[in-house]
Amino acid sequence: MNSREQNLKALDRLLTIMDELREQCPWDRKQTMQSLRHLTIEEVYELGDAILDNDPEEVKKELGDVLLHIVFYSKIGSETDNFDIGDVANAICEKLVVRHPHIYGDVEVNGEQDVKRNWENLKLKEGKKSVLEGVPRSLPALVKANRIQDKVAGVGFDWEEPSQVWGKLQEELGEFQEEVKKGDTDKMEAEFGDVLFSMINYARFLGINPENALERTNKKFIKRFQYLEEKVAASQKSLNDMSLDEMDIHWNKSKEFFK
């Protein structure tokens, strides 16, 4: 591992390279915060993939891409005299000090939940009108639901036991089935949303990240289906020419390799 001096030297090198690229490279010189935004989102998703794949080397590379974007935005901010990388670093340092009075002050806590509750209360004292203001509007719905539940739980608005959440989930499933019987698509959608929200809440109580869980299943399904496709292609057939029972033979075999 690098020493603190070596780490600082590497960051200084990155800042120097960013200065040079912004001055000399036509593409880098043309970029704005707006043009970089979608690329940043893509890089964060790629980082998420690397983390789920448990690939440290790829995580390192993707973290570098994300860090580059932070430096890039800071460089653009400095050109309009709004902020620079030092302002960005100092701002987060100040926030961390203020939000951790049990480390940098005289507040006592008894575990993680006290820390989370203090964090949300301090945000309200800073001028936030709602604990939910910190949930980005553009988050994917599943991630947003998880963050909403986590935020309100941080101020004590939460169930007491997992069994209570499980009971609520069963209730929502019953209401969903009632609307399915009636056939009203709009009401079915509303009740299905309640089922998903309750499932996400139950996962939170069990210490499961629902986004990670679903993405693991997505990856597993993709691998199994691609195995099926390979076997079908090897038999010189087409999926469209096969019955579901025939496809199930390869699908069930794929489960031995991708669990």
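Buried means under 20% relative accessible area, and exposed means over 50%. All views show a predicted model.

**View 1. Helix H10 and its buried residues.** Helix H10 covers residues 185-205. Buried in H10 are Glu191, Val195, Ser198, Ile200, Asn201, Tyr202, Ala203 and Arg204. These buried residues pack against helix H8 (141-153), H9 and H11. The end C-alpha atoms of H10 are 30 Å apart, which agrees with the 30 Å that its 21 residues should span at 1.5 Å a residue.

**View 2. Helix H9, with its buried side and the face turned away from it.** H9 runs over residues 162-182. Its 21 residues reach 31 Å from first C-alpha to last, close to the expected 30 Å. Val165, Leu169, Glu172, Phe176 and Glu179 are buried in H9. They lie on the same side of H9, because they cover an arc of only 85 degrees around the axis. Helix H10 is included in what covers the buried residues of H9. The face of H9 turned away from the buried side carries the exposed residues Ser163 and Lys181. Gly183 follows H9 and has a positive phi, near 80 degrees.

**View 3. Helix H4 and the helices packed against its buried residues.** H4 spans residues 56-79. The helix has 24 residues and reaches 35 Å from its first C-alpha to its last, close to the 34 Å expected. Which residues of H4 are buried? They are Val59, Glu62, Val66, His69, Val71, Phe72, Tyr73, Ser74, Lys75, Ile76 and Gly77. Helices H1 (4-24), H2 (26-30), H3 (33-52) and H5 pack against these buried residues.

View 4. Sequence neighbours within four places are left aside in the contacts shown here. On that basis, His69 is in contact with Leu36, Leu39, Thr40 and Glu43.

View 5. With a relative accessible area of 10%, Arg22 is buried. Arg22 and Ile76 are 54 residues apart in sequence. Their C-alpha atoms are 8.8 Å apart in space. Ile76 is one of the buried residues of H4. Leaving aside neighbours within four places in sequence, Arg22 is in contact with Asp28, Arg29, Lys30, Gln31, Phe72, Lys75, Ile76 and Glu79.

**View 6. Packing of helix H5 with helix H7.** Two packed helices are described by the angle between their axes and the distance between the axes. H5 (residues 85-99) and H7 (residues 112-125) pack at an angle of about 115 degrees. The axes of H5 and H7 are 10 Å apart. Which residues of H5 and H7 meet? H5 brings Leu96, Val98 and Arg99. H7 brings Trp119, Leu122 and Lys123. By class, the contact of H5 with H7 has four nonpolar, two charged and no polar residues.

**View 7. Asp81, in the loop between H4 and H5.** Most residues other than glycine have a negative phi. Asp81 is not a glycine, yet its phi is positive, about 60 degrees. This residue comes just after H4. Is Asp81 buried or exposed? Its relative accessibility is 71%, so Asp81 counts as exposed.

**View 8. Gln236, in the loop between helix H11 and helix H12.** H11 covers 210-234 and H12 covers 244-254. The phi of Gln236 is near 60 degrees, a positive value in a residue other than glycine. Gln236 has a relative accessible area of 76% and is exposed.

**View 9. Placement of the domains in the protein.** The domain assignment gives domain 1 (4-99), domain 2 (130-208) and domain 3 (212-257). How many Å separate the centres of domain 1 and domain 3? Taken over C-alpha atoms, the separation is 40 Å.

How values were computed. Residues are numbered from 1 along each chain as its sequence is written. This is a predicted model: local features need pLDDT of at least 70, side-chain atom pairs count only at pLDDT 80 or more; totals for chains, interfaces and linings use all residues. Side-chain values use heavy atoms; hydrogens and water are left out. Helices (H or I, at least four residues) and strands (E, at least two) are DSSP runs, numbered from the N terminus. The expected span of a helix is 1.5 Å times one less than its number of residues. Buried means under 20% relative accessible area, exposed over 50%, partly exposed in between (1.4 Å probe, protein chains only). The arc is that of the directions from the helix axis to the C-beta atoms. Contact means heavy atoms within 4.5 Å. Domain bounds come from an automatic or database domain assignment. Axes are lines fitted to C-alpha atoms, for helices over the stretch in contact, and angles run from 0 to 180 degrees between N-to-C directions. Ala, Val, Leu, Ile, Met, Phe, Trp, Tyr, Cys and Pro count as nonpolar, Asp, Glu, Lys and Arg as charged, and the others, Gly among them, as polar.
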